[in-house]
Amino acid sequence: MSSITLGGLLVGLLLVLILLGMRIAIALISVAFLGVWLLRDNFTLAMKLMSIATYNGVANYLFATIPLFVLMGQLVSVSNVGKDTFEVADALLRRVLGGLGIATVAANTVFAAVTGVSIASAAVFTKVAVPEMTHHGYRASFATGVVAGSSILGMLIPPSLLLIIYGVLAEVSIGKMFVAGLVPGVLLAGGFVVMIMLAARFRPDMVFDAERLREKRLSMAELPRLTSRQLLSKSLPILLLVVLVIGGLYSGFFTPTEAGGVGAFAALIVALLRRSLTGRKLWQVMKDTGSVSVGILILLVAANFYGQMLAVAGVPAAISDFVSEIGLGPLGFLILHIALVLLMGMILDSSSILLIFVPISAPIALALGFDLIHFGILTVIAVEVGLLTPPFGIAIFTVHAALADRRVPLEAIFAGALPFVAVMLLLLVLLAAFPGLVVY
């Protein structure tokens, strides 16, 4: 059996193990270890490569970026900054038709700039925005769809854990990945806003409960207003964090790791000033930060070992040669890659897709002349679509679990999120056709 054939069988074995329920990190390490052992018929070499991958993973300075941004996100969540951000956006946009939906997108956009985790956004805004929207006449399916759809902005607008994972796997600058995600993130948020405004104007039956349209218009006039001082006090913490993190990265004043450290410290100061960080909450924040960070770091170590196995087997080079021989070309490869990522998004989580595909696809994309940062943004957007599509749709399940309302079934939330999937696919086509939109 040739190395290429064996490598292909091992990739297939990896997918089978994951679908059978094996932990992705264990599956990656097991398949990689078995692959190196069989390919080189050397147990000692397999052990050596595994130890090197583990050491390199732990010793890499960039890996410190992950726990720092996770810690910042945890501190921001416990400080009720997400709730305040929504209230400010609501106060500014409540007079606009579909204003509460637009406020949810706006708040999620800002919140994404300091958390980088879609699931955190989905959980926070399900509790904050959905009750408010349904109270004022929005359909529950649309309200939950808005929260689920806009929550994925946390994985594109920097800092984003998916951008960090891709940068490590593809060996490209994480700082450049962060900067490159900003314009597409803003375009995506803008697309969501336009979609909500058009739906509220031309398809009000999809957005509002027809029986409560009149109630909604009356109640909006009775809503209490926030004073200028309240607006400032509620918006200042989130704006400070955005300026520190995004401004520092854009100006080049901070490296990604330094930006994570500064952001985490600023989030800690905000939590202390708001007196929202009790001893019990601090312990929970530290425990959750450790749990999330260690999980991601183990995955990256496993993916590094898996990538070494693929290189030993010659799988990326073989696929690149095959793509050239059949005349598929760069565009054909990109379409095939995106289609596979979208398909896998229906059955696997975001991190797993990147860990499996990037070690294979990144070398091929580079050989075909793609800019790996542009290629990474397209890949991350395609991966994000999987957060909203059945049967996996982890963002949908997060909203459903956080809402805990049997009157709103999963099917309704999936239906409410479909327009957001359409906007994401349109953006994917736009960025593929105009690479200049990805600025870094």
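**A friendly note on helix packing and a salt bridge**

1. Let us start with glutamine 74, which sits in helix 4 (residues 65–78); helices here are DSSP runs of H or I with at least four residues, numbered from the N terminus. Please keep in mind that this is a predicted model, where local features need pLDDT of at least 70, side-chain atom pairs count only at pLDDT 80 or more, and totals for chains, interfaces and linings use all residues. Residues are numbered from 1 along each chain as its sequence is written, and side-chain values use heavy atoms, with hydrogens and water left out.

2. Glutamine 74 is partly exposed, with 21% relative accessibility; the class lies between buried (under 20% relative accessible area) and exposed (over 50%), using a 1.4 Å probe and protein chains only. Setting aside neighbours within four places in sequence, glutamine 74 touches Val285, Asp288 and Thr289, where contact means heavy atoms within 4.5 Å. From glutamine 74 to glycine 175 the separation is 101 residues in sequence and 22 Å in space, C-alpha to C-alpha.

3. Next, have a look at helix 9 (residues 161–170) and helix 18 (residues 350–367), whose axes come within 9 Å and cross at roughly 30°. Axes are lines fitted to C-alpha atoms over the stretch in contact, and angles run from 0 to 180 degrees between N-to-C directions. Helix 9 is therefore roughly parallel to helix 18, a label for angles under 35 degrees. On the helix 9 side the contact is made by Leu162, Ile165, Tyr166, Leu169 and Ala170, and helix 18 brings Ser350, Ser351, Leu354, Leu355, Val358 and Ala362. These contact residues divide into 9 nonpolar, 2 polar and no charged (Ala, Val, Leu, Ile, Met, Phe, Trp, Tyr, Cys and Pro count as nonpolar, Asp, Glu, Lys and Arg as charged, and the others, Gly among them, as polar).

4. Helix 9 also packs with helix 15 (residues 279–313), at an angle of about 25° and with the axes 10 Å apart. Helix 9 and helix 15 are therefore roughly parallel to each other. Here Leu161, Ile165, Val168 and Leu169 of helix 9 meet Ile296, Leu300 and Ala303 of helix 15. By class, this contact has 7 nonpolar, no polar and no charged residues.

5. Finally, which side chains meet in a salt bridge? They belong to arginine 203 and aspartate 205, at 3.2 Å, N to O; the rule asks for a side-chain nitrogen of Lys or Arg within 4 Å of a carboxyl oxygen of Asp or Glu. The count by this rule is 1 salt bridge. Arginine 203 is partly exposed at 44% relative accessible area, and aspartate 205 is partly exposed at 41%.

Terms used:
Helix = DSSP H or I, 4+ residues; strand = E, 2+ residues; numbered from the N terminus. Parallel < 35°, antiparallel > 145°, perpendicular 65-115°, else oblique.
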